[in-house]
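Let's take a walk through this protein chain together. Have a look at the sequence and the model first, and then read on.

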Amino acid sequence: MAGRSAPTGRGFRVFILGAGFSEPAGLPLAPELWSIVRQELQRGPLADEFNADLAVYLRYKRECDGVDQDIDSINSEDFRAFLDCEHYLGLAGSDTWSHEGNPTQLAIKNLIGSVLVGRTPQAKDLPEFYHAFVSSLDDTDIIVTF
């Protein structure tokens with residue numbers, strides 16, 4: 001983008017798009033996505049390991065944060081951050097499964113990707129406002145998303 005200039009009379013435009021921008025296209029927001037992922041993991045081949053990780057997390061929240069919660073109230077991002085700390089700090093010792101993460105971490109990442117890909121519509125099936133938005137963009141516009 002270096003060296004580009006805005007059209008005369010107009011400055012740069014920056015659009016910051018959050019997850020809510022994709023909801024009308026049929027993509028789930030975090031709570032629904034977590035519910036889908038959790039259900040898949042609890043009935044899949046990693047159910048025992050996933051449930052054990054959930055139990056360790058709930059015990060941690062109770063003992064360290066004084067928060068007594070149940071599985072349905074778990075914040076998925078907080079749970080994943082807990083798993084990341086456990087993995088990247090090597091707290092599992094020699095039981096560390098892979099340098100890329102433990103089985104629960106990898107399963108969550110894969111399922112999130114699978115759900116999002118599976119629910120992403122073809123361009124022709126998108127609501128019209130997406131097409132209108134894209135048509136309004138020019139080569140100096142910047143889109144930031146997460």
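Predicted model: local features only at pLDDT ≥ 70, side-chain atom pairs only at ≥ 80, totals over all residues.

Residues are numbered from 1 along each chain as its sequence is written, and side-chain values use heavy atoms, with hydrogens and water left out.

The chain has 5 helices and 2 strands, where helices (H or I, at least four residues) and strands (E, at least two) are DSSP runs numbered from the N terminus. Along the sequence they follow the pattern β-α-α-α-α-α-β. Of the 146 residues, 27% are buried, that is, under 20% relative accessible area with a 1.4 Å probe, counting protein chains only.

Now turn to helix H1, which covers residues 30–42. Its 13 residues reach 18 Å from first C-alpha to last, close to the 18 Å expected at 1.5 Å a residue (1.5 Å times one less than the number of residues). Leu 33, Trp 34, Ile 36, Val 37, Arg 38 and Leu 41 of H1 are buried.

How do H1 and H2 cross? The axes (lines fitted to C-alpha atoms over the stretch in contact, with angles from 0 to 180 degrees between N-to-C directions) of H1 and helix H2, residues 47–65, come within 7 Å and cross at roughly 125 degrees. Trp 34, Arg 38, Leu 41 and Gln 42 of H1 meet Ala 47, Phe 50, Asn 51 and Leu 54 of H2 in this contact (heavy atoms within 4.5 Å).

Note on methods. Buried < 20%, exposed > 50% of the residue type's maximum accessible area, 1.4 Å probe, protein only.
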